[in-house]
Amino acid sequence: MAVQARAGSTQFDATRYRGLRREDLIRIYRTMVLSRRLDDREIQLKRQNRIYFQISGAGHEAVNVAAGLAMRAAYDWFLPYYRDRALCLELGITPYDMLLQAVGAQDDPSSGGRQMPSHWGNQKLNIVSRSSAVGTQFLEAIGMAEASLYYDRYPRALDLARQAPLGEDVRHQLDEVVLVSGGEGSTSEGEFFESLNTACLKKLPVLYLIEDNKYAISEPVARQTAGGNISRLVENFPALLVQECDGTEPLESYDAMCRAVAYCRERKGPALVHAHVTRPYSHSLSDDDKLYKTADEREEEAHRDPIPKFGLFLVREGIAVEKEIEALEAEVDREVRAASDRALAAAPPHADSILVAQYSPDVDPTSARFESEPKFAGKPITMVEMVAATLADEMSRDDRVVVFGEDIADCGNEENLGKVKGKGGVFKATAGLQRRHGGGRVYNTQLAEANIVGRALGLALRGLKPVAEIQFFDYIWPAMMQFRDELCVFRWRSAGHFKAPAVIRAAIGGYLTGGAIYHSQSGEVAFTHLPGLRVVMPSTALDLCGLLRTAMRADDPVLFLEHKHLYRQPYNRSPYPGPDFTIPFGKARLVREGADLSIITYGAVVHRAEVAAMQLEREGISAEIIDLRSLSPYDWDAIATSVRKTSRVIVAYEDMRSWGYGAEIAARIADELFGDLDAPVRRVAAMDTFCAYQPKLEEEILPQSADLIVAARDLVSY
Ligand SMILES: Cc1ncc(C[n+]2csc(CCOP(=O)(O)OP(=O)(O)O)c2C)c(N)n1
Ligand SMILES: [Mg+2]
């Protein structure tokens, strides 16, 4: 039974309480207590080994509830972090749902037993699945807020997004705001500053809630943040509204939050609320704060605990009497007990569910649906010209497609577009797209790779189809966290409730005579190792067109690797195969039939294998060549068929020999086709080092046709 406010017993003056009514004030207290009691119950269960992890929101409850009150549930968008239990309660996640995650139940609506407790997510409430990675959320928030403005401008995109799989969860409100939260420690991550820079540049409706409990695990804020105060540090960011408040005081926090929300709703720019809170419990149950906090510090913190303070306030102000407070607390205890009893009885997930929601259940990019016949038109064009042609057509067909990256626009100063020829990417892969489809859909980003991938992810989460470019694969690494801990795992970690089917194009590879260490890298294996991500690497203009279109029409995140050396070769050109030409993923191309040995390869080595095969032919050796073209998934059937036929195989790849992509293929052939082999599996690949600048060294380091010829002769005479 809920506590009834004693309406009528005293004159209630809402203006004293920021316009909040008596029942609001009581509800604030109730949610705060409920949050704390849930933490306490989880701590108990963890100690009894009935749950497996615990991290609390203790000390953060006041600003959390204030934030929930100031925002609109299931209307605005939320990227809360692990301390935001009270916020999520306020937004509508139930105690039972929270405890289902703690026990790792099959019915845990956030993650189906895949994520630790306090990793919130609820698609109906616009609460986006969170990872444990500190800082990544700040960039996702940018992409999500960009989607808000995009849908305003391109309403057709919204209609299309609603028709796509999971389209029922695509929502958009004209004045919606994206709230993203994090601890003060998380603001040290570069992603925080990358995010602020973009939010301020583009005046995005993002509300940063920084919950400063003075510690990042054991590191005090004074040693974490220059000057010891994050809001002072960032107050000069243009267009950013900064609000600092005592986050242990619900009313002061509510005030600060309301100002920030209003600023964002009015589209004046982003806002940052810096709330000073406490952390009365240790960082998590794996931590003991007595090891680094003094007794005095802990006592001082106890005095600032928001719950007893607000309880006392309610009594002092005559809003509730002590008996009512006690009754409310007893009722909360009963609610928590009932929810945890139910959750403890919930079934765990079945082992056969482990791979569910790794990839889209709705669109299978390997299916026959993506098989098509080319309808050639025009003269042959290069691979790089094919990129722009394919993107241009898909953009005409689908308003959800957004293209961005470093230098990809024709002209950064759009007003000068009429006065210049236009750049369109350092390789011109996106030339003419801005001119044709406008700067709202084709634009340069800041020079920040994590930013590019994080934003793509945020846009994709909202139902758009971002096609972002990483200028050089060599510089993809700042984005690795976004790839590995976010992009590829979004669907799996949310048990299929969220998806991020962004396409990330990257220019990769060597054979550039002068590309050297930082413009020649391979390394595709680092990405084929990521479940949930598709990795594709065409070697001809025709394959590029078909595979890029499949990537854009698929429903999974795709890393699309474009080999720089192949961009302008005469030997892989093709006329444009039409606006609906697609090629399924996971289907290899038989480049050349042969009888004596198989060369399994992809990328720039395909052509080297063809040159080698012509020489071998003259020597009476018939080599078959398979171009995998899709690296994850890959076409095992094509490999097995070829190896069974020839019984001798070379796996050839441009990356370093050891631990390279082809090493896995070689291992699988040895494992599963041993009985079909007449010779050992041979790898022809780069030396185990970096690519040198001097062309003579580069030639030596990277695999060449001559290396393939030597290996082939050797295998045939084995
Ligand atoms: C990128 C990353 N690095 C390290 C960690 C381990 N870790 C988890 S929480 C945390 C401290 C975060 O401190 P803060 O942002 O102040 O949040 P608080 O826990 O104090 O609320 C660290 C280092 C992580 N989860 N992610
Ligand atoms: Mg902290």
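This dialogue explains how to read several features of a predicted model.

Student: How many bridges join the strands E2 and E3?

Tutor: Strand E2 (residues 178-183) and E3 are paired in the parallel sense over 6 bridges. As a point of orientation, Val-180 stands opposite Tyr-208 in E3.

Student: Which strands form the open sheet with mixed pairing, and where are its edges?

Tutor: In that sheet, 5 strands stand in the order E16-E18-E17-E20-E21, and the pairing is mixed. Strand E16 (589-592) and strand E21 (682-686) are at the edges; each has a single partner strand, so one side of each is left without a neighbour in the sheet. The twist averages 25 degrees from one strand to the next.

Student: In what sense do E17 and E20 pair, and which helix packs on the sheet?

Tutor: Strand E17 (residues 597-601) pairs with strand E20 (residues 649-656) in the parallel sense, over 3 bridges. Within this pair, Ser-598 stands opposite Val-649 in E20. Helix H23 (residues 661-672) packs on the sheet and touches E17, E20 and E21; the direction of H23 makes about 155 degrees with that of E20.

Student: How do the axes of helices H14 and H20 cross?

Tutor: Two packed helices are described by the angle between their axes and the distance between the axes. The axes of helix H14 (residues 383-397) and helix H20 (residues 541-553) come within 9 Å and cross at roughly 30 degrees. The crossing of H14 and H20 is right-handed.

Student: Which residues of H14 and H20 meet?

Tutor: From H14 come Met-383, Met-386, Val-387, Thr-390 and Glu-394; these meet Ala-541, Leu-544, Cys-545, Leu-548, Arg-549 and Met-552 in H20. By class, the contact of H14 with H20 has 8 nonpolar, 1 polar and 2 charged residues.

Student: Which backbone features deserve attention in the loops?

Tutor: Most residues other than glycine have a negative phi, and most peptide bonds are trans. Ser-118, although not a glycine, has a positive phi of about 70 degrees. Asn-126, also not a glycine, has a positive phi of about 60 degrees. Ser-118 is found in the loop between helix H4 (95-103) and helix H5 (136-153), and Asn-126 is found in the loop between H4 and H5. As for the peptide bonds, a cis bond joins Ser-632 and Pro-633, with omega about 5 degrees. Pro-633 lies in the loop between strand E19 (630-632) and helix H22 (636-646).

Student: Why does Ser-118 count as buried, and why does Asn-126?

Tutor: The count of C-beta neighbours decides, and a residue is buried if 20 or more lie within 10 Å. Ser-118 counts as buried because it has 27 C-beta neighbours inside 10 Å. Asn-126 counts as buried because it has 25 C-beta neighbours inside 10 Å.

Student: Where is Gln-44 placed, and why does Gln-44 count as partly exposed?

Tutor: Gln-44 has its place in helix H1 (residues 22-47). Gln-44 counts as partly exposed because it has 13 C-beta neighbours inside 10 Å. The C-alpha atoms of Gln-44 and Gly-594 are separated by 67 Å, and these residues are 550 residues apart along the chain.

Notes:
Residues are numbered from 1 along each chain as its sequence is written. Chains are lettered from A and ligands numbered from 1 in the order in which they are written. This is a predicted model: local features need pLDDT of at least 70, side-chain atom pairs count only at pLDDT 80 or more; totals for chains, interfaces and linings use all residues. Helices (H or I, at least four residues) and strands (E, at least two) are DSSP runs, numbered from the N terminus. A residue is buried if 20 or more other C-beta atoms lie within 10 Å of its own, exposed if 12 or fewer, and partly exposed in between; C-beta atoms are placed from the backbone. Two strands pair if DSSP finds at least two bridges between them. Axes are lines fitted to C-alpha atoms, for helices over the stretch in contact, and angles run from 0 to 180 degrees between N-to-C directions. Two residues are in contact if their C-beta atoms, placed from the backbone, lie within 7 Å. A crossing is left-handed if the near helix is turned anticlockwise from the far one by less than a right angle, and right-handed if clockwise. Ala, Val, Leu, Ile, Met, Phe, Trp, Tyr, Cys and Pro count as nonpolar, Asp, Glu, Lys and Arg as charged, and the others, Gly among them, as polar.
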